[in-house]
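The structure under discussion is shown below.

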Amino acid sequence: MADFAYCDKTLSYEVRAKDLVDRMNLTEKAHQMGDKATGVIRIGLPRYHWWSEALHGVSYIGHGTYFNELVPGATSFPTVIHTTASFNQSLWKTIGKAVSTEARAMYNLGNAGLTYWSPVINPVRDPRWGRTTETPGEDPFVVGAFASNFVRGLQDVEGAEHTNDTRFRPLKVSACCKHYAAYDIDQWKGVSRFTFDAKVTEQDMVETFLRPFEMCVKDGDVSSVMCSYNRVNGIPTCADPILLKEIIREEWKFNGYIVSDCDSIMEMVERHKWLNDTAEDAVAHALKAGLDLDCGDYYPVYLEKSVSQGKVKEAEIDTSLRYLYVVLMRLGFFDGIPSLMSLGKKEICSEEHIELAAEAARAGVVLLKNIESNLPWKPNAYKNIALIGPLADATRDMIGNYEGTPCRYVSPLQALSAHAQITHEPGCEGIKCPTDKLIFRATQAAKHADATILVMGTNLKIENEGLDRDDLLLPGYQNQLITQVAVAAKGPVILVIMSAGGVDISQFLNQDHNQDYINKKIKGILWVGHPGQEGGRAIADVIFGKYNPGGRLPLTWYRNDYVDQLPMDSMPLRPVDSLNYPGRTYKFFNGSTVYPFGYGLSYTSFKYNLTTKKVPITVKLNRLHHCRNLSYSKKSFEQPCPAVLVDDINCDSEITFEVEVQNVGDRDGSEVVIVYSKPPEGIVGTHFKQVVGFERVFVAAKKSTKVKFALNACKSFRIVDNKGYTLLPSGLHKILLGTSSETIEVNVNFVR
């Protein structure tokens with residue numbers, strides 16, 4: 001083997017990968033094209049299992065990773081929707097680093113692979129989607145920012161993050177952004193992800209469904225992308241050369257391998273019945289489209305026959321194999337990476353990582369209601385607390401799906417027991433709460449306790465992969481349990497919602513608490529997502545004032561009647577006026593909500609000050625720049641040159657400004673500054689506003705800090721028209737800061 005060029009470290013990865021592939025015969029090549037690659041003993045190539053998961057900690061899902069006596073568990077961080085609610089980009093990256101450290105340590109111990117098919121970066125288009133817990137929410141920019149930060153945390157090897165040629169940049173582990181693309185329906189009223197044909201406009205594709213993947217590839221330098229089960233406009237994503245070759249590889253300059261969702265090629269044949277393909281036809285179409293690796297058996301079983309039938313060239317197999325082996329070489333699969341060789345058991349479930357999981361759980365908690373500033377409670381304020389609800393003693397339900405075996409659990413019951421004597425009543429027979437027979441015992445507990453905490457919500461039996469919701473209500477008799485406990489309670493009641501997607505709890509909100517007895521009794525409401533192994537600590541720390549909540553909702557919480565207004569399989573983001581369908585997400589929905597995107601309270605108060613109020617942007621056009629027309633609602637809104645193509649102009653115009661964030665309250669706290677851009681008035685069919693930046697900052701009581709933002713004009717003020725063009729419109733744009741009245745006017749003007 002010493003004479004094999006693929007073992008020569010002085011050669012480039014491409015040269016070594018080519019030499020390795022060239023040493024195989026066709027049969028051997030085909031057997032390396034599935035997720036359980038067999039290896040080739042005669043040339044010293046070991047077998048490799050590609051499929052591992054690390055969505056919020058190293059998982060036991062997949063063939064590459066397992067737990068045993070040597071490695072009994074790994075740190076289980078909050079699910080992605082919860083972590084996203086922190087709006088803390090450095091935290092997202094730090095979690096990625098911790099997960100990859102444990103993954104690499106497990107690899108060194110023989111318990112894990114090096115390729116992890118995480119994160120999930122599909123924007124949540126519909127509130128019923130069962131996989132919301134896996135995602136970073138509904139805004140494509142926020143989703144992309146999470147993706148790029150988490151991927152960098154997973155992949156970057158310290159000291160080699162800025163290697164000029166990304167083809168040679170070493171990888172700590174390999175991440176994978178999925179599911180590409182327009183995938184956001186699992187199983188809803190007979191509509192299945194395995195056969196769904198997503199009818200998507202080019203406008204929505206560019207603006208919403210592709211943007212997080214573009215950011216993941218360009219900003220995150222991800223080394224793998226997974227295509228999805230569904231079709232997009234009639235073509236299976238894993239067989240679409242425009243999506244895979246033209247966009248990912250050529251337009252975005254992707255440097256890695258493309259893998260199918262598991263058994264996607266089989267689904268093309270057996271359920272999609274696409275083009276009435278045989279198995280040999282299907283593997284040929286997928287390979288030619290740019291699919292490099294099959295999570296499944298179709299490539300290993302049928303590729304050799306497909307080549308012999310003349311349906312695909314062997315050279316196309318060679319190309320995909322080279323992509324695969326370059327990634328493994330960057331991972332040190334053949335050579336090792338010296339700086340990572342010492343990682344071992346002491347790095348797994350370390351105290352540092354457990355504390356990071358607790359910090360992430362606290363950072364994602366969102367305070368939704370706090371009348372009369374009832375929260376936080378003082379330590380030891382109440383001697384007896386009734387802890388009620390099907391999730392009051394949650395353990396497994398806190399860690400969501402794509403989970404591993406956690407280091408430990410700290411349940412709400414366990415954590416709250418440190419502050420008072422607890423009377424625990426589930427109030428329900430399981431999360432679905434099918435009857436009211438346990439409610440009376442719960443009301444009696446509340447009646448005799450000094451204070452009551454209700455922990456309600458959902459788990460994987462309600463929203464999960466393969467399981468979309470039919471409504472947005474708490475399951476079964478949970479609402480009745482809350483109502484009856486609130487009426488009976490002697491002291492204040494705090495409602496804790498543990499869920500992924502939003503739930504319609506409008507009946508418990510403070511409309512007029514002087515008149516509404518139940519609303520008045522429920523003093524505070526917290527959303528705690530699915531907060532990971534340390535979730536109970538986070539809940540107790542927030543309720544008893546050890547931590548001031550600063551999370552923000554990464555999703556719109558709709559009223560339940562929203563789901564009666566449009567079917568889940570209607571893909572447009574914008575309203576469909578002909579069918580009376582409302583818009584989707586905060587960008588296109590202007591109806592009443594339970595809580596809007598970005599909502600969240602604090603135990604203190606913040607005030608923003610801007611020194612910049614107006615910013616002109618002048619873009620010089622030449623004779624090769626052509627004005628593009630836009631539709632306006634009124635003639636008075638029309639501009640002489642309405643817009644120009646972003647790709648046609650030099651987009652170096654940048655707006656920089658500072659936001660002074662003042663903490664005007666008496667408690668230290670963190671504030672999330674969300675920056676939106678609002679397009680010029682009167683442009684038909686564009687968004688109301690869009691997130692273009694955000695930062696989470698800590699500000700001590702009665703102190704202030706300044707946050708600096710730099711916005712690229714083309715990225716931050718662009719729109720996508722109904723033809724799929726990305727345009728920079730002229731006219732008066734506005735920069736908005738969360739719910740503050742502070743704005744910056746940005747006048748974009750074109751001159752020749």
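## Crossing of H13 and H18

H13 passes H18 in a right-handed crossing; a crossing is right-handed if the near helix is turned clockwise from the far one by less than a right angle, and left-handed if anticlockwise. The model is a predicted one, in which local features need pLDDT of at least 70 and side-chain atom pairs pLDDT 80 or more, while totals for chains, interfaces and linings use all residues. Residues are numbered from 1 along each chain as its sequence is written, and side-chain values rest on heavy atoms, with hydrogens and water left out. Helices (H or I, at least four residues) and strands (E, at least two) are DSSP runs numbered from the N terminus.

The axes of helix H13 (residues 351-363) and helix H18 (residues 535-543) come within 8 Å and cross at roughly 50 degrees. H13 is therefore oblique to H18. Angles under 35 degrees count as roughly parallel, over 145 as roughly antiparallel, 65 to 115 as roughly perpendicular, and the rest as oblique. The axes are lines fitted to C-alpha atoms, for helices over the stretch in contact, with angles running from 0 to 180 degrees between N-to-C directions. On the H13 side, the contact (heavy atoms within 4.5 Å) involves Ile354, Glu355, Ala358, Ala361 and Arg362, and on the H18 side Gly535, Arg537, Ala538 and Asp541. These contact residues comprise 4 nonpolar, 1 polar and 4 charged. Ala, Val, Leu, Ile, Met, Phe, Trp, Tyr, Cys and Pro count as nonpolar, Asp, Glu, Lys and Arg as charged, and the others, Gly among them, as polar.

## Disulfides

With a disulfide taken as a pair of cysteine sulfur atoms within 2.5 Å, the count comes to 7 disulfides. One of them joins Cys177 and Cys216, with the sulfur atoms 1.9 Å apart. Its S-S torsion is about 65 degrees, so the disulfide of Cys177 and Cys216 is right-handed. Because Cys177 lies in strand S3 (residues 177-180) and Cys216 in helix H7 (residues 211-218), the pair ties together parts that are 39 residues apart in sequence. Cys177 is buried at 0% relative accessibility, and Cys216 is likewise buried at 0%; buried means under 20% relative accessible area, exposed over 50%, and partly exposed in between (1.4 Å probe, protein chains only).

In the disulfide of Cys227 and Cys238, the sulfur atoms are 2.0 Å apart, and the torsion of about 105 degrees makes it right-handed. Cys227 belongs to strand S7 (residues 224-227), whereas Cys238 is in the loop between strand S9 (235-236) and helix H8 (241-251), 11 residues apart. Cys262 and Cys295 form a further disulfide with a sulfur separation of 2.0 Å; its torsion is about 70 degrees, so this disulfide is right-handed. Both Cys262 and Cys295 are buried. Cys176, by contrast, is in no disulfide, and its nearest cysteine sulfur, that of Cys177, is 7.0 Å away. Cys176 is buried, with a relative accessible area of 0%.

## Buried face of H16

In helix H16 (residues 478-488), the buried residues are Gln478, Asn479, Leu481, Ile482, Thr483, Val485 and Ala486. Helices H15 (439-448) and H17 (517-521) are among the elements against which these residues pack. Strands S12 (384-388), S14 (451-457), S15 (493-498) and S16 (522-527) also pack against the buried residues of H16.
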